[in-house]
Amino acid sequence: MDGNSASPNSPLSGEFEVNNKRSWAESPSGALYHFGTSGIAVAVATGFTHPLDVLKVRLQMQLVGQRGPLIGMGPLFIQVLKNEGPKSLYLGLTPSLTRSLVYGGLRFGLYEPSKYACDWAFGSNNIFTKIASGAFAGAISTASTNPMEVVKVRLQMNSDFRKRGPIAEIRRIVSEEGIGALWKGAGPASVRAAALTASQLATYDETKRKLVKWTPLEEGFYLHLASSTIAGLVSTLITAPIDMVKTRLMLQRESVGSYKNGFHCAYQVLRTEGARGLYKG
């Protein structure tokens, strides 16, 4: 055995682990790698799921300020294909991909530094610091990319904007509504991102622990799949009302009525559309 090698229990081994954990912070190329790979991964996923996002936004804008029968996702899908064509399912794709690339990079890129900061400040890296780190990274990333989200939902709601494009839509928003309009819904969007990250992490961790205890599942693909599925369902139920409020605020000029802020929007929806209105889409 090499005389310079350290045993697992030696002080040198512990020092190596600490230095290895901090290597990402000392290497700009490592941070850039995390940013790039995370952003590309989220952008690819967004490209596949974008038609569902278009349908979600359309469903969220059903019967604004009214009660009544709601159209489901299946009938809406057929309606969009029949009246607007398949391309309408990809309205707003450019700002969506741009946002995903930046958001994914920032969210995952900030997560590790946030965990390291908590570990350094509190000497702990438990589930609560992970939740706080994820919530912080998600909120900052969402606020930074809010203009792209506003442009995306505006394009998704109106097929007439197809020829205009995202740049022309940004110019229109700024000239007609002011530059502040690009940050409409930033508050609910940041809260949603923080709540989504926190609920996903907490639910995933607890679900995984319970499944190992109560079922024959062992560490591996199926355990992760089941835990992730349950975490996704729970986090969606928790954040769906916030997402609906965010969409309504971003489309303020496109919708009926006027909302002063996120709380006022939620109150108005409850009053005029009922509790079910918060779960449209």
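Me: At 17% relative accessibility, does lysine 56 count as buried or exposed?
Reply: Buried means under 20% relative accessible area, exposed over 50%, and partly exposed in between (1.4 Å probe, protein chains only). Lysine 56 comes in at 17%, so it counts as buried.

Me: What kind of model is this?
Reply: Residues are numbered from 1 along each chain as its sequence is written, and side-chain values use heavy atoms, with hydrogens and water left out. Local features need pLDDT of at least 70, side-chain atom pairs count only at pLDDT 80 or more, and totals for chains, interfaces and linings use all residues; it's a predicted model.

Me: Which residue forms a salt bridge with lysine 56, with the closest N and O atoms 2.9 Å apart?
Reply: A salt bridge puts a side-chain nitrogen of Lys or Arg within 4 Å of a carboxyl oxygen of Asp or Glu. For lysine 56, that partner is aspartate 243.

Me: How many residues apart are the two in the chain?
Reply: Helices are DSSP runs (H or I, at least four residues; strands are E, at least two), numbered from the N terminus. Lysine 56 sits in helix H2 (residues 28-60) and aspartate 243 in helix H9, so going by those helix labels the pair links distant parts of the chain, and the separation is 187 residues.

Me: Which residue does arginine 248 form a salt bridge with?
Reply: The closest N and O atoms of this pair are 3.0 Å apart. Arginine 248 lies in helix H9 and its partner in helix H10, so the bridge ties together parts that are 25 residues apart in sequence. Both residues are buried, and the partner is glutamate 273.

Me: How many salt bridges does the structure hold?
Reply: Some are linked in a network, with Asp53, Lys56, Arg99 and Asp243 among its members. Side chains of opposite charge can pair when their charged atoms come close. The structure's total is 19.
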